[in-house]
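This report covers one structure. Please look through the sequence and the 3D view before reading on.

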Amino acid sequence: MTAQFPVARPRRLRRTAPMRRMVAGTRLHPAELVLPVFVKEGIAEPSPVGSMPGVFQHTRDSLRKAANEAAEAGVGGLIVFGIPAVKDARGSAADDPQGIVQLALADVVSEVGDALVVIADTCLDEFTDHGHCGILTPAGEVDNDVTLERYAASAVAQVRAGAQVVAPSGMMDGQVAAIRAALDGEGFEQTPILAYSAKYASAFYGPFREAAECAPRSGDRNAYQQDPAGPAGEALREVRLDLSEGADAVMIKPALAYLDILRQVRDAVDVPVAAYQVSGEYAMVEAAAANGWIDRDRAIMESLVAIRRAGADLILTYWATEVAAKLR
Ligand code: PBG
């Protein structure tokens with residue numbers, strides 16, 4: 001008998017589909033997927049978002065339907081974004097009990113609130129006429145501490161409407177503490193805060209700003225969102241601050257361009273870590289697939305597996321319902 005060479009053959013475990021399935025180190029489950037949804041005040045029909053094929057600005061009715069489909073597919077949660085009919089400098093619709101987000105939250109909670117977790121994004125950019133995530137000073141800067149009061153009021157209104165988790169996304173310093181104090185003061189000490197802790201000033205939010213009609217009218221978000229090339233410890237510092245302020249779970253955003261940050265954070269903390277596969281990540285795959293340049297379904301699964309493998313316990317993705325249905 002001639003000697004066998006090589007002895008070590010990693011390919012043995014890759015030969016068949018059942019073998020690969022059995023030894024897989026990364027598995028996706030529908031319950032760890034969260035679907036972001038948009039609801040717009042005053043439209044009669046759902047309106048397609050041009051830069052996000054397959055995504056709609058919902059009416060209250062079509063949102064109920066989308067929520068039911070997500071629940072049926074086994075999706076773990078929904079995060080609601082609203083576009084009010086009227087915007088102003090202080091984002092009044094953000095804490096109006098009759099504001100579109102509050103109404104939509106109540107709708108989806110009554111529809112599917114026992115089957116999945118209903119999350120509210122807490123920020124001001126969808127509600128302000130200038131499109132910034134906070135209240136502006138006369139000089140046009142976002143005033144951190146004045147904005148905190150608005151976030152607190154908005155979070156309380158969202159939880160009163162039924163939100164089961166609030167997710168502050170504005171990157172103001174102290175936002176988790178301000179919201180925690182306000183919720184506790186209203187008897188909502190059991191409502192968790194999912195903090196967008198490390199949120200980068202990203203080009204990948206482009207399509208979302210069409211979907212949520214919230215592009216800043218002037219300037220950009222660089223003075224409050226993190227610089228992609230920022231200091232090495234910045235994301236962990238933001239995460240630790242949010243945890244010290246009472247965050248129950250933290251989020252990294254975007255996902256695919258920040259897998260290193262995701263892994264760092266996952267290794268450093270003992271709370272669930274979420275990753276947001278943002279609008280631009282979605283649009284890139286859909287656009288390439290529409291041109292026949294990429295295998296859409298494989299690209300979707302590969303990107304989700306990568307995000308999971310980098311350490312995400314939860315993934316916010318516009319493909320949540322489709323992927324959950326497929327995983328079932
Ligand atoms: C801010 C917010 C944004 C996104 C989620 N929350 C936009 C921004 O910061 O400009 C982007 C999500 C996406 O691109 O899918 N409220």
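Where is Pro-254 found? Pro-254 sits in the loop between strand E8 (249-253) and H8. The model is predicted, and in it the bond joining Lys-253 and Pro-254 is a cis peptide bond. Its omega is about -5°.

A cis bond also runs from Phe-5 to Pro-6, with omega near -5°. Pro-6 belongs to the segment before helix H1 (17-23).

## A positive phi

Met-171 is not a glycine, yet its phi is positive, about 60°. The residue is placed in the loop between strand E6 (165-168) and helix H5 (175-185).

## Confidence

The average pLDDT of the chain is 97. Of the residues, 99% score at least 70. For the complex, the predictor gives an ipTM of 0.96 and a pTM of 0.97.

## Ligand surroundings

Which residues are around the ligand? They are Asp-121, Cys-123, Asp-125, Ser-169, Tyr-205, Phe-208, Arg-209, Arg-221, Val-278 and Ser-279. By class, this shell holds four nonpolar, two polar and four charged residues.

Helix H9 spans residues 279-290.

## Helices H9 and H10

Helix H9 (residues 279-290) packs with helix H10 (residues 296-309). Their axes come within 9 Å and cross at roughly 155°. Angles over 145 degrees count as roughly antiparallel, so H9 and H10 are roughly antiparallel to each other. Their crossing is right-handed.

H9 contributes Glu-281, Val-285 and Ala-289 to the contact. H10 contributes Arg-296, Ala-299, Ile-300 and Ser-303. The contact of H9 with H10 comprises four nonpolar, one polar and two charged residues.

## Helices H7 and H8

Helix H7 (residues 234-244) packs on helix H8 (residues 259-268) at an angle of about 40°. The axes are 10 Å apart.

On the H7 side, the contact uses Ala-235, Leu-236 and Val-239. On the H8 side, Ile-261, Gln-264, Val-265 and Ala-268 meet them. Six residues in the contact of H7 with H8 are nonpolar and one is polar. No charged residues take part.

Technical notes. Residues numbered from 1 in each chain as written. Predicted model: local features only at pLDDT ≥ 70, side-chain atom pairs only at ≥ 80, totals over all residues. Near = placed C-beta within 6 Å. Nonpolar A, V, L, I, M, F, W, Y, C, P; charged D, E, K, R; others polar. Axes fitted to C-alpha atoms, helices over the stretch in contact; angles between N-to-C directions. Helix = DSSP H or I, 4+ residues; strand = E, 2+ residues; numbered from the N terminus. Parallel < 35°, antiparallel > 145°, perpendicular 65-115°, else oblique. Left-handed = near helix turned anticlockwise from the far one by under 90°. Contact = placed C-beta atoms within 7 Å. pLDDT = per-residue confidence, 0-100.
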